[in-house]
Amino acid sequence: MNNRKEQLAALDRLLTIMDELREGCPWDRKQTLQSLRHLTIEETYELGDAILDNDRAEIPKELGDLLLHIIFYSKIGSETDEWDIGTVANGICDKLISRHPHIYADVEVADEEEVKKNWEALKLKEGKKSVLEGVPKSLPALVKSSRIQDKVAGVGFDWEKPEQVKEKLEEELAELQVEVDAGDKDKIEAEFGDVLFSLVNYGKHLGVNPEDALERTNKKFIKRFQYLESKAKEIGKELSDMTLSEMDVYWNEAKTL
C-alpha cells in the first residue's frame, strides 16, 4: 500500500496528466460539464456493478474512472476561475467537520441513529428548507424512495418496529387488490406505487437495501434464464416452441447451480 506522501504524489500526477490532456488532446479539450454528465453517471453504475459483484480487482479501476471525472470537472471550473480541485476538497472537508460536531466539537451522541438525526438537523440550520432537498430529482424511482425514507427517518418520521411496516404493507396490498378488482388502471397504478413504497420501507427496517436486493434477483434470473436458453439450444429447440413444463425442468436445474 502507498503511504500518504505517495498517495499525494499520485494525485499530483493525475492533476498534471489532466492539464496535459486538456491542452493537447482534441477530445479532452472539447469536453464540457454537460458532455461529461452522462459519462459520469455510466461510470458510477459501473462502480456499483463492481461493488455488487464484490470484484476487488475491478473496484479500484472503477474508482479511478470516477476520480478522473472529479478531476476533469475541477479542471473545467479552474479555467473560468470558478473552482478547482482545492475548492472541491476544502468544501467537503469543511462540510464533514461541520456535520460531525461529535468528533470536532463537544457534542455527544449515543449511536449511529443519533448521528443521522444530527446530520439532518444541521443541514436545516445551514439553510435547507426541507430535509428532502438533498434527494436528486433524477434518481431512479426505487433508489429515490429509499433515500426519501432515509431522510425523513433522520428527523424521526418513521415506524418504530418492522412489524408495523409489515402491517402497513399488507394494508396497501389489500387496497391494491380492491382497485384490481374494480379494474381502474389509474388507481391500480397509484396503489401499486404505494405497495412498492411500503415494501422499500419494510426492507429498510429489515436492514435490506432494496436496490441491492432487486439487482441481486435480476442477476440470478438472468443466470438461470441463460442456462435455460443454452439447454434449449442443446436439444435443438426454440424457447417459443417449448411448453412451460419443459422449460421448468431446466429452470429447476439452474436453481441447483
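Reply: Glutamate 172 is buried, with a relative accessible area of 7%. Buried means under 20% relative accessible area, exposed means over 50%, and partly exposed lies in between, using a 1.4 Å probe and protein chains only. Glutamate 172 belongs to helix H9, residues 162-182. Helices (H or I, at least four residues) and strands (E, at least two) are DSSP runs, numbered from the N terminus. Residues up to four places away in sequence aside, glutamate 172 touches Glu191, Asp194, Val195 and Ser198; contact means heavy atoms within 4.5 Å.

The model is predicted, so local features need pLDDT of at least 70 and side-chain atom pairs count only at pLDDT 80 or more, while totals for chains, interfaces and linings use all residues. Residues are numbered from 1 along each chain as its sequence is written, and side-chain values use heavy atoms, without hydrogens and water.

We now turn to helix H11. The 25 residues of H11 (residues 210-234) should span 36 Å at 1.5 Å a residue, and the end C-alpha atoms are 36 Å apart, which agrees. The expected span is 1.5 Å times one less than the number of residues. At the start of H11, a side-chain oxygen of asparagine 209 comes within 3.0 Å of the backbone nitrogen of glutamate 211. Just after the helix, glycine 236 has a positive phi of about 75°.

The buried residues of H11 are Pro210, Arg224, Tyr227, Leu228, Lys231 and Ala232. They pack against helices H8 (141-153), H10 (185-205) and H12 (244-255).

The aromatic rings come next. Two aromatic pairs occur in the structure. In one, the rings of phenylalanine 221 and phenylalanine 225 have centres 6.0 Å apart and planes at 10°, so the pair is stacked. Rings of Phe, Tyr and Trp (its six-membered ring) pair if their centres lie within 6.5 Å; planes under 30 degrees apart count as stacked, over 60 as edge-to-face, and the rest as tilted. Both phenylalanine 221 and phenylalanine 225 lie in H11, four residues apart, about one turn of the helix. Phenylalanine 221 is partly exposed, with a relative accessible area of 46%, and phenylalanine 225 is also partly exposed, at 30%. The rings of phenylalanine 221 and tryptophan 251 have centres 5.2 Å apart and planes at 55°, so this pair is tilted. It links distant parts of the chain, since phenylalanine 221 is in H11 and tryptophan 251 is in H12, 30 residues apart. Tryptophan 251 counts as buried, at 18% relative accessibility.

Tyrosine 250, leaving aside neighbours within four places in sequence, is in contact with Tyr227, Leu228, Lys231, Ile235 and Met242.

Conventions
Polar contact = N/O pair within 3.5 Å; in protein donor to acceptor, adjacent residues only side chain to side chain.
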